[in-house]
Amino acid sequence: MFADPETLRREREAFDYHAEPIAHLLRADDITDIMLNAPEKRGDPGPVWVDRAGEGLEFSGVLLDAGEAEKLARAFAAQSSYDSPFNDASPNISCQVALGQYRFEGTIPPASPAPTFTIRKYIRRGDIVLQ
């Protein structure tokens, strides 16, 4: 069953709210991948890295604390076709996210010391979609 337009609007607003710290990275045409590493020390924010087409991996300038990162991971899970729980008992996710066309893989504790994720953006070049 499909959600009504008002439900879809609320879901999109919730996603946009939680994705705000990396929204500019999601919109950037030259970025293909966005990755959050676990921090060096427990409790520190984790660095967000990006892979720019043709330039390679670089630090994005964004640091996410564990709370922000977990909310972001759960927002991606909520917008996906993932139909299993994503919680402490099932702390790994790999899914496609129709909203914005992303591939998302993430972990939350206890599978990792802090939330981590990788987002692969689907990039359209002419008639070809790069995944």
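The model is predicted. The chain has 131 residues, of which 37% count as buried. Its secondary structure amounts to three helices and eight strands.

**Overall make-up**

- Read from the N terminus, the order of elements is α-α-β-β-β-α-β-β-β-β-β.
- Taking contacts between residues at least 6 apart in sequence, 34% link residues that are at least 24 apart.

**Helices H1 and H3**

- Two packed helices are described by the angle between their axes and by the distance between those axes.
- Helix H1 spans residues 5-19 and helix H3 spans residues 66-78; the two pack at an angle of about 150°, and their axes are 9 Å apart.
- An angle over 145 degrees counts as roughly antiparallel, and H1 and H3 are therefore roughly antiparallel to each other.
- The crossing in which H1 passes H3 is left-handed.
- On the H1 side, the contact is made by Phe 15, His 18 and Ala 19. On the H3 side, Lys 71, Leu 72, Ala 75 and Phe 76 take part.
- Sorted by class, the residues in this contact of H1 with H3 are five nonpolar, one polar and one charged.

**Ser 94 in strand S4**

- Ser 94 belongs to strand S4, which covers residues 92-97.
- The relative accessible area of Ser 94 is 36%, and Ser 94 is therefore partly exposed, since that class lies between the 20% limit for buried and the 50% limit for exposed.
- The side chain of Ser 94 is joined to the side chain of Arg 103 by a polar contact of 2.7 Å.
- Ser 94 and Phe 104 are 10 residues apart in sequence, and their C-alpha atoms are 5.8 Å apart in space.

**Thr 116 in strand S6**

- Thr 116 is part of strand S6, which runs over residues 116-121.
- With a relative accessible area of 18%, Thr 116 is buried, because buried means under 20%.
- A polar contact of 2.6 Å links the side chain of Thr 116 with the side chain of Thr 107.
- Leaving aside residues up to four places away in sequence, Thr 116 touches Leu 36, Asn 37 and Ala 38, as well as Glu 105, Gly 106 and Thr 107.

Notes: Residues numbered from 1 in each chain as written. Predicted model: local features only at pLDDT ≥ 70, side-chain atom pairs only at ≥ 80, totals over all residues. Heavy atoms only, no water. Axes fitted to C-alpha atoms, helices over the stretch in contact; angles between N-to-C directions. Helix = DSSP H or I, 4+ residues; strand = E, 2+ residues; numbered from the N terminus. Parallel < 35°, antiparallel > 145°, perpendicular 65-115°, else oblique. Left-handed = near helix turned anticlockwise from the far one by under 90°. Contact = heavy atoms within 4.5 Å. Nonpolar A, V, L, I, M, F, W, Y, C, P; charged D, E, K, R; others polar. Buried < 20%, exposed > 50% of the residue type's maximum accessible area, 1.4 Å probe, protein only. Polar contact = N/O pair within 3.5 Å; in protein donor to acceptor, adjacent residues only side chain to side chain.
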